[in-house]
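Open the model in your viewer and keep the selection panel at hand. The stops below go one selection at a time.

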Amino acid sequence: MNIVELILFIIGAIMFPYGVYEIIKGDGSMKTKLFLIFTSITLFTIESILVYR
């Protein structure tokens, strides 16, 4: 594992809850918010798999 990848992963893990919070408190329909949250979780999961692979 590259140190740069690990640092970026840690920063992403720290910022992830705030990003979800901003999506939830923002304007927009519930369908759009759920889509964005699901996409964020999916991308974060893929990133986690790629970092530890």
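**Stop 1: the ring cluster**

Select Phe9, Phe16 and Phe44: ring pairs link them into a cluster. Bear in mind that this is a predicted model. A search of the whole structure finds three aromatic pairs.

Start with Phe9 and Phe44. Their rings are stacked, with 5.7 Å centre to centre and 15° between the planes. This pair links distant parts of the chain: Phe9 sits in helix α1, Phe44 in helix α2, 35 residues apart. Is Phe9 buried or exposed? Its relative accessibility is 12%, so Phe9 counts as buried, the cut-off being under 20%.

**Stop 2: along helix α2**

Select residues 30–51, which make up helix α2. What span should 22 residues give? At 1.5 Å a residue, they should span 32 Å; the end C-alpha atoms are 31 Å apart, which agrees.

Next, colour the buried residues of α2: Lys33, Ile37, Ser48 and Val51. They cover an arc of only 70° around the axis, so they lie on the same side of α2.

What do these buried residues pack against? Show residues 3–25: the buried residues of α2 pack against α1.

Turn to the other side of α2. Here Lys31, Phe35, Phe38, Leu43, Ile49 and Leu50 are exposed.

**Stop 3: the salt bridge**

How many salt bridges does a search of the whole structure find? It finds one. Select Lys25 and Glu22 and show their side chains. They meet in this salt bridge, at 3.6 Å from N to O.

Lys25 and Glu22 are three residues apart in helix α1, so about one helical turn separates them. An α-helix has 3.6 residues a turn, so residues three or four places apart point the same way.

Finish on Glu22. With 28% relative accessibility, Glu22 counts as partly exposed.

Note on methods. Residues are numbered from 1 along each chain as its sequence is written. This is a predicted model: local features need pLDDT of at least 70, side-chain atom pairs count only at pLDDT 80 or more; totals for chains, interfaces and linings use all residues. Side-chain values use heavy atoms; hydrogens and water are left out. Helices (H or I, at least four residues) and strands (E, at least two) are DSSP runs, numbered from the N terminus. The expected span of a helix is 1.5 Å times one less than its number of residues. Buried means under 20% relative accessible area, exposed over 50%, partly exposed in between (1.4 Å probe, protein chains only). The arc is that of the directions from the helix axis to the C-beta atoms. Contact means heavy atoms within 4.5 Å. Rings of Phe, Tyr and Trp (its six-membered ring) pair if their centres lie within 6.5 Å; planes under 30 degrees apart count as stacked, over 60 as edge-to-face and the rest as tilted. A salt bridge is a side-chain nitrogen of Lys or Arg within 4 Å of a carboxyl oxygen of Asp or Glu.
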